[in-house]
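Please look through the notes below with the model open. They are grouped by topic.

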Amino acid sequence: MTKQTILTGLRANNDLTIGNYFGAILPMVDMAKTKADDYQINLFVPDLHSFTTPIDHNQLHSQTWNNLRIFVAAGLPLDHPDIHLYRQSYISAHSELTWILDCLTGVGEMGRMTEYKDKAAKLHEDRISVGLFNYPVLMAADILLYNATFVPVGDDQTQHLEFTRDIAGRFNNRFGDIFTIPKSVKEQHVFFGNDQGLRIKDLHDPSKKMSKSDESGKGVIFLSDDPQVSAKKIMGATTDDKANIQFDRDNQPGISNLLEILALLTGRNLQEVVAEWKGGDRYGDFKKTVAKEMVLFLTDFQQKQSSINDAAIQKRLESSESKLTITAKETLLRAQKAVGLR
Ligand code: ATP
Ligand code: MG
């Protein structure tokens, strides 16, 4: 019996942050390792999604490789037969199926996507691309090509998963059983036992989450930051004037964020870390401890990253891309026949 497929990806549009690392990469790698005996894991770099919003194209190629190395440094095995690693743009069926689905998608339904509305609101009108508008269609193709059933989704992507289910269902109703419909958001959450709730906050403005495409980057720690710079960012983190360390996200978001970061860096649970520091009034000492752990973490991580063997990644990419091209082309051909192109 063929295994069901779990599919997940991480956009390479900028350097990655510690939020991306603890909130996405580490959970993805752990998931791949624990589920690969029972499922096929499709882990991909959605490079075609990278420039739905404007980027520096001179950086795209190196950023893609950076992301690949980060996955490996985070523990992703390259030699498991059922953990696939691939670049979206190397499998042309993604683009081809997108066009077919584009022509069966309403302008209205894309316009209702909140991620589109949020991102478009932050851009000047002349920088809002058609790609930003219809990237959920590309995302649907990413999923449907491999008959994936499980796709871990954060809040910002749930609407797109629902759209994928919609378009696949509509296509099947009209043209026959062509696509596998992925599980509902609720079933995904049950399956992945979600703690997708983790949100590291911006150090400068702890009312918002840390984001890799933040304009100023002042409150953001990138995995590529010089460790000493990261220490300065921690020491400069916005806190409060209560002189009382408490885990209270609403009233002391800055201190709470630092407690959470300290727990993640040291691999301890949050309650334990909170119990250790609770009631303390010396924010400076506390920050120094967080800064020290951040330096240790980044130094170690960057060293791991620089010792990664690119040839081993390249070999994995080529083998996954050639194998998955076959699956993707089979699905594409079914869709092409269904709509009368073949
Ligand atoms: P962008 O500014 O381009 O939206 P981002 O940092 O918000 O970048 P995304 O590409 O939107 O990153 O998301 C990538 C993954 O990282 C998602 O799984 C998301 O849930 C996770 N993630 C992003 N920011 C954080 C954060 N601050 N804390 C925890 N997880 C995060
Ligand atoms: Mg985001």
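Is Asn147 buried, partly exposed or exposed? The answer is in point 2, after a word on conventions.

1. **Conventions.** This is a predicted model: local features need pLDDT of at least 70, side-chain atom pairs count only at pLDDT 80 or more, and totals for chains, interfaces and linings use all residues. Residues are numbered from 1 along each chain as its sequence is written, chains are lettered from A and ligands numbered from 1 in the order in which they are written, and side-chain values use heavy atoms, with hydrogens and water left out.

2. Most residues other than glycine have a negative phi. Asn147 is not a glycine, yet its phi is positive, about 55 degrees. Asn147 is partly exposed, at a relative accessible area of 25%. (Buried means under 20% relative accessible area, exposed over 50%, partly exposed in between, with a 1.4 Å probe and protein chains only.) The loop between α6 (130-144) and α7 (158-175) holds Asn147. Helices here are DSSP runs of H or I, at least four residues, numbered from the N terminus. Ala243 also has a positive phi, near 50 degrees. Ala243 sits in the loop between α9 (227-235) and α10 (253-266) and is partly exposed at 40% relative accessibility.

3. **Ligand shell.** Ligand 1 is surrounded by 16 residues, counted when a heavy atom lies within 4 Å. Among the closest are Ile200, Lys209 and Ser213. Helix α1 (residues 18-35) gives the most to this shell, with 4 residues.

4. **Ligand polar contacts.** The cut-off is a pair of N or O atoms within 3.5 Å. A polar side-chain atom of Lys212 lies 2.6 Å from a ligand 1 oxygen atom. For Asn20, again a polar side-chain atom to an oxygen atom of ligand 1, the distance is 3.1 Å. Met210 uses a backbone N or O atom, 3.0 Å from a nitrogen atom of ligand 1. Taken alone, ligand 1 exposes 590 Å², and the protein buries 86% of that. These areas are Shrake-Rupley values with a 1.4 Å probe.

5. **Aromatic pairs.** The whole structure has 16. Rings of Phe, Tyr and Trp (its six-membered ring) pair if their centres lie within 6.5 Å; planes over 60 degrees apart count as edge-to-face. Phe150 and Phe192 are edge-to-face, 6.4 Å centre to centre with 90 degrees between the planes. Phe150 lies in the loop between α6 and α7 and Phe192 in helix α8 (residues 185-192), so the pair ties together parts that are 42 residues apart in sequence. Both Phe150 and Phe192 are buried.

Technical notes
Polar contact = N/O pair within 3.5 Å; in protein donor to acceptor, adjacent residues only side chain to side chain. Helix = DSSP H or I, 4+ residues; strand = E, 2+ residues; numbered from the N terminus. Phe/Tyr/Trp six-rings, centres within 6.5 Å; stacked < 30°, edge-to-face > 60°.
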